[in-house]
Amino acid sequence: MKVKAKFWIENKGEVVAGGGKIALLLAVDRLGSIQQAAEEFEMSYRHAWGAIKKIEQRAGFKIVDTKPGGRDGGARLTSKGKAFVEEADSLFKELQASVEKRFGLK
């Protein structure tokens with residue numbers, strides 16, 4: 001048996017990000033590329049970029065820094081973005097573990 005729960009972060013009543021978008025942002029930082037992260041999640045670059053822009057707009061701060069192609073190009077989380085994403089990821093994992101523990105699954 002599995003118990004699943006969904007968690008998300010809101011700002012002024014709008015969803016900023018849930019577990020899926022946080023995972024996408026972690027992949028962008030790990031891979032250094034929005035394109036590669038989008039491919040990993042089987043979504044288009046355009047969809048991933050749109051999601052990132054929406055997260056930034058709703059969060060009220062820049063989360064991803066980008067540099068055009070070439071050897072020095074790519075994408076990385078800003079320092080504030082990285083702190084936000086890592087905190088959200090940690091919180092979501094902790095909450096899921098708590099739910100599973102409550103139902104005696106861990």
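What pLDDT does the protein average, and what share of the residues score at least 70?

**View 1. Confidence across the predicted model.** This is a predicted model. The protein averages a pLDDT of 93. A score of at least 70 is reached by 95% of the residues. Among the elements, helix α3 (residues 45-59) has the highest mean pLDDT, at 98. Strand β3 (residues 64-67) has the lowest, at 93.

**View 2. Packing of helix α1 on helix α3.** Helix α1 spans residues 19-31. Its axis lies 11 Å from that of α3. The two helices pack at an angle of about 110°. Angles of 65 to 115 degrees count as roughly perpendicular, so α1 is roughly perpendicular to α3.

**View 3. Residues at the α1–α3 contact.** Helix α1 contributes Lys21, Leu24, Leu25 and Val28. Helix α3 supplies Ala48, Ala51, Ile52 and Ile55. By class, the contact holds 7 nonpolar residues and 1 charged residue. It has no polar residues.

**View 4. The largest pocket.** About 250 Å³ of space lies in this pocket. Its lining is made up of 14 residues. Those nearest the pocket centre are Val3, Lys4, Ala5, Gln96 and Glu100.

**View 5. Make-up of the pocket lining.** Helix α4 (residues 79-102) gives the most to the lining of the largest pocket. Its share is 4 residues. By class, the lining has 6 nonpolar and 6 charged residues. Another 2 lining residues are polar.

Conventions:
Residues are numbered from 1 along each chain as its sequence is written. This is a predicted model: local features need pLDDT of at least 70, side-chain atom pairs count only at pLDDT 80 or more; totals for chains, interfaces and linings use all residues. Side-chain values use heavy atoms; hydrogens and water are left out. pLDDT is the predictor's confidence in each residue, from 0 to 100. Axes are lines fitted to C-alpha atoms, for helices over the stretch in contact, and angles run from 0 to 180 degrees between N-to-C directions. Angles under 35 degrees count as roughly parallel, over 145 as roughly antiparallel, 65 to 115 as roughly perpendicular and the rest as oblique. Contact means heavy atoms within 4.5 Å. Ala, Val, Leu, Ile, Met, Phe, Trp, Tyr, Cys and Pro count as nonpolar, Asp, Glu, Lys and Arg as charged, and the others, Gly among them, as polar. On a 1 Å grid over the protein atoms alone, a cavity is a set of points where a 1.4 Å probe fits but cannot get out, and a pocket is an open set with protein on both sides within 12 Å along at least five of seven lines; lining residues have an atom within 4 Å of a point. Grid points are joined across faces, edges and corners, and a volume is the space filled by probe spheres set on the points.
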